[in-house]
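Come along while I look things up one at a time.

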Amino acid sequence: MKKKKIVPIFAGGGTRLPAHVGILKALEEYQIDFDNIVGVSGGSIISSLFASGLTLAEVKHIALNTDYNQFREFSLLKLIRNGGLSSGDVFERWIDRLLHGKTFKEMDYNLHVVATDVARGKPVIFNKERTPDVKVSLAVRFSMSIPLVFSFKKFGKHLMVDGSILSEDALHRDWAKDGTPVICFRLKGDYEYDEIKTTGLFPIVQYISLLIRTFMTTISREYINDAFWHNTVVINTGTSSAVDFTMTPEQKEALYFKGYHTVHKILPLKIQAL
């Protein structure tokens, strides 16, 4: 495959972080050159770790060995007060520690993190040009804030939530400002869920779980516009859920290889089409 420079976009995924690491491994083996990297939702976690200067082996170790359940801290009181079952504070402290408190201007790559301002229905982009002194951990916390799972968070006049709820045209832009083509790596799931029983005195928890699950499934299956198909790579993650906080080591390893093998198979075709 002819060597090509691109801007990789790591979009969505929720807790399926290992799939994004597998994608990075395939890009490394194909010697794909990039100095800009875009992260959205769960993809912002992996892209920020890599852009901070961590080796791919270190990023893989984090993705495969972190207990995601520590980020849940679920509470109905938090949901009522702040719009999410979890504050997101535990996650933000975790990612900030791994990034050593770095700001966007301190990153090794030109990192772009995309979140959504639900008050205006528009994307909010964090990078060294727009927000050089903002901690990357804060932007990642905004971008991966799955509605109802993590609390809404204010940033200036913006009300921030998950970047995955944006339409595709918010991502397919000239990130490098020199015409470098983008390739968007998206995770798609085929879920077969066990039934959730909505019984008991307070079925609100079950109702919320159903709503979150359906919302994330809908995003995962979003139609890809023909205009963007030539530079989109879809990784089918099977029955792995974007909100599975209790993923086993075997499931994480399987996701890693899903990302790796899919990109190895599809990327040469996409590169030729650019």
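Predicted model: local features only at pLDDT ≥ 70, side-chain atom pairs only at ≥ 80, totals over all residues.

Entry 1: I began with strand 9 and strand 10 (residues 232-236), which run parallel and are joined by five bridges. Looking along that pairing, I found Lys-188 opposite Asn-236 in strand 10. Then I turned to strand 1 (residues 7-11), which also runs parallel to strand 9, with five bridges between them. Here Val-7 stands opposite Val-182 of strand 9.

I wondered why strand 9 is largely enclosed by the rest of the structure. The count settled it for me: strand 9 covers residues 182-188, and six of its seven residues are buried, so the rest of the structure largely encloses it. I took buried to mean under 20% relative accessible area.

**Entry 2: the nonpolar cores.** I kept a general thought in mind here: nonpolar side chains in soluble globular proteins tend to be buried together. In this model, the largest nonpolar core has 60 residues. Leu-27, Ile-45, Phe-126 and Phe-185 have the most contacts inside that core. Which helix gives the most to this core? I found that helix 1 (residues 17-29) does, with seven residues.

Setting aside neighbours within four places in sequence, I listed its contacts as Ile-6, Pro-8, Phe-10, Ile-32, Phe-34, Phe-185 and Leu-267. Another core lies apart from the largest one and has 13 residues, including Val-7, Ile-9, Val-38 and Ile-125.

Entry 3: Next I asked how many cavities of 30 Å³ or more a search of the whole structure finds. The answer was two. I looked into the second largest cavity, which holds about 140 Å³ of space. Its lining has 14 residues, and Gly-14, Thr-15, Ile-45, Met-144 and Phe-245 lie nearest its centre. Helix 2 (42-51) and helix 5 (89-98) each supply at least two residues of the cavity lining. I sorted that lining into 10 nonpolar residues, four polar and no charged.

**Entry 4: an open space.** Last, I visited the second largest pocket, with about 230 Å³ of space. There are 13 residues lining this pocket, and His-112, Asn-127, Glu-129, Trp-175 and Lys-177 are the closest to its centre. How do the residues of its lining divide into nonpolar, polar and charged? I noted three nonpolar, four polar and six charged. For comparison, I wrote beside it that the lining of the second largest cavity has no charged residues.

Notes
Residues numbered from 1 in each chain as written. Heavy atoms only, no water. 1 Å grid on protein atoms, 1.4 Å probe; cavity = no way out; pocket = protein on both sides within 12 Å on 5 of 7 lines; lining within 4 Å. Points joined across faces, edges and corners; volume = space filled by probe spheres on them. Nonpolar A, V, L, I, M, F, W, Y, C, P; charged D, E, K, R; others polar. Helix = DSSP H or I, 4+ residues; strand = E, 2+ residues; numbered from the N terminus. Core = buried A, V, L, I, M, F, W, Y, C linked by side-chain atoms within 4.5 Å. Buried < 20%, exposed > 50% of the residue type's maximum accessible area, 1.4 Å probe, protein only. Contact = heavy atoms within 4.5 Å. Pairing = 2+ DSSP bridges.
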